[in-house]
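The stops below proceed from the whole chain to helix pairs, cores and loops.

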Amino acid sequence: MNVSAYTPLDAPLIGIEGLEIADVYLQQVMDLIASTNELGLLKQYLVLSLVVAFWAYVLFFVFCSISYYIFFVRWKYIFRPDSEPQVPVGQVRREIMLSMWSLPTIAFLTSPWFMLQLHGYSQLYIYDPTVTWTQTGLTVLAFIVFTDSCIYWIHRWEHTFPWIYKNIHKPHHEWKVPSPYASYAFHPLDGYAQSVPYHLFVMFCPMNVFVYMLMFVLVQLWTIGIHDSVDFIGDKKGSWISKIVNGSMHHTIHHSKFIYNYGQYFTFWDKLLGSHYEPCLDYEGAKKTQ
Ligand SMILES: [Zn+2]
Ligand SMILES: [Zn+2]
């Protein structure tokens with residue numbers, strides 16, 4: 001049953017016992033989204049773009065503000081003490097201003113992908129009882145490997161080609177010491193390019209629509225998380241997890257040194273291609289390793 005062709009109430013949407021109430025609400029949401037197919041292409045494009053822009057603003061302001069309040073205001077003395085590099089005065093306002101422009105622009109660029117999905121041109125499906133949890137887990141794994149690899153290369157190319165760097169990626173590197181609000185403070189084409197692998201994956205590989213949405217929200221939260229410079233995975237001490245995961249101190253180094261740590265979730269490609277810089281080296285006064 002694909003996303004555009006489902007019949008309301010002919011099957012549970014998520015198929016997990018105990019979550020029947022969620023099924024009812026999700027059914028209403030899916031009805032509403034699917035009903036845009038009857039609007040005609042132009043109206044559907046405008047409606048979807050505005051709805052996506054609205055929810056992008058909501059996600060941005062809610063989660064960036066929570067992160068900013070906790071780490072940069074309320075418990076600043078723990079997470080962002082004065083001994084560490086500080087976000088310059090006035091930068092947060094400029095990060096928000098740039099995001100206010102980039103988020104809706106990305107929404108308008110992204111809507112055609114959602115329209116393709118709603119008109120049945122993707123491999124997204126609603127609950128399918130024949131799909132096992134193992135298959136779902138493997139799909140998520142493939143999704144992460146594919147998107148993480150693509151984003152490494154897109155990001156690296158943005159630094160490799162001077163014209164692209166200067167015109168597309170440089171605005172995001174204005175923030176040498178980023179705040180959470182820097183997570184979406186980039187040129188819209190930069191943000192859009194880095195989102196394309198997500199849409200591309202489901203054009204070829206079957207995936208449950210709710211798992212897809214979950215992965216989409218997860219990457220938004222991850223992006224905010226790697227811009228707060230708060231070390232939750234032991235980056236500074238060189239913990240075993242920091243060897244594998246591209247934590248927030250990894251991305252902080254990307255912002256301050258430019259040519260290292262292009263990855264998103266994992267350090268795999270950076271390590272393989274010699275662009276990895278372990279954050280603990282700065283904190284222990286040692287040298288960069290390849
Ligand atoms: Zn960069
Ligand atoms: Zn960044």
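Helices (H or I, at least four residues) and strands (E, at least two) are taken here as DSSP runs, numbered from the N terminus. This is a predicted model, in which local features need pLDDT of at least 70 and side-chain atom pairs count only at pLDDT 80 or more, whereas totals for chains, interfaces and linings use all residues. Residues are numbered from 1 along each chain as its sequence is written, and chains are lettered from A and ligands numbered from 1 in the order in which they are written.

**Whole chain**

Begin with a cartoon of the protein chain, which contains 12 helices and two strands. Followed along the sequence, the elements give the pattern α-α-α-α-β-α-α-α-β-α-α-α-α-α. Colouring by burial comes next: a residue is buried if 20 or more other C-beta atoms lie within 10 Å of its own, exposed if 12 or fewer, and partly exposed in between, with C-beta atoms placed from the backbone. By this criterion, 30% of the 290 residues of the protein chain are buried. Contacts are defined by C-beta atoms, placed from the backbone, that lie within 7 Å. Of the contacts in the protein chain between residues at least 6 apart in sequence, 64% join residues at least 24 apart.

**Helices H5 and H7**

Select residues 133–160 (H5) and 188–204 (H7), which pack at an angle of about 155° with their axes 9 Å apart. The axes are lines fitted to C-alpha atoms, for helices over the stretch in contact, and angles run from 0 to 180 degrees between N-to-C directions. Angles under 35 degrees count as roughly parallel, over 145 as roughly antiparallel, 65 to 115 as roughly perpendicular and the rest as oblique. H5 and H7 are therefore roughly antiparallel to each other. Their crossing is right-handed; a crossing is so named if the near helix is turned clockwise from the far one by less than a right angle, and left-handed if anticlockwise.

Show the side chains of the contact: H5 contributes Phe143, Phe146, Thr147, Cys150, Ile151, Ile154, His155 and Glu158, and H7 contributes Asp190, Ala193, Gln194, Pro197, Tyr198 and Phe201. Nine of the residues in this contact of H5 with H7 are nonpolar, three polar and two charged. In this classification Ala, Val, Leu, Ile, Met, Phe, Trp, Tyr, Cys and Pro are nonpolar, Asp, Glu, Lys and Arg are charged, and the others, Gly among them, are polar.

**Helices H4 and H7**

The crossing of H4 and H7 is right-handed. Here Ser102, Thr105, Ile106, Leu109, Thr110 and Trp113 of H4 meet Pro188, Gly191, Tyr192, Ser195 and His199 of H7. The contact of H4 with H7 comprises five nonpolar, six polar and no charged residues.

**Helices H2 and H8**

Now select 41–74 (H2) and 209–225 (H8), whose packing angle is about 40° with axes 10 Å apart. H2 and H8 are therefore oblique to each other, and H2 passes H8 in a right-handed crossing. Leu59, Phe63, Cys64 and Ser67 of H2 make the contact with Gln220, Leu221 and Ile224 of H8.

**The nonpolar cores**

Which residues have the most contacts inside the largest nonpolar core? Select Phe60, Leu103, Tyr181, Tyr184 and Ala185, in a core of 16 residues. Such a core is a set of buried Ala, Val, Leu, Ile, Met, Phe, Trp, Tyr and Cys residues joined through C-beta atoms within 7 Å. H2 and H4 (91–118) each supply at least two residues of this core, and the largest share, five residues, comes from H4. Centre on Leu103: not counting residues up to four places away in sequence, Leu103 touches Ala53, Ala56, Tyr57, Phe60 and Tyr184. A second, separate core of seven residues includes Val202, Met207, Val209 and Tyr212.

**Loop residues**

Move to His187, in the loop between H6 (162–169) and H7. His187 has 20 C-beta neighbours inside 10 Å and counts as buried.

Finish at the loop between H10 (248–257) and H11 (268–272), where Phe258 is found. Phe258 is not a glycine, yet has a positive phi of about 70°. Is Phe258 buried or partly exposed? Phe258 is partly exposed, with 13 other C-beta atoms within 10 Å. Asn261, in the loop between H10 and H11, also has a positive phi, of about 55°. Asn261 counts as buried, with 25 C-beta neighbours inside 10 Å.

Terms used:
Contact = placed C-beta atoms within 7 Å.
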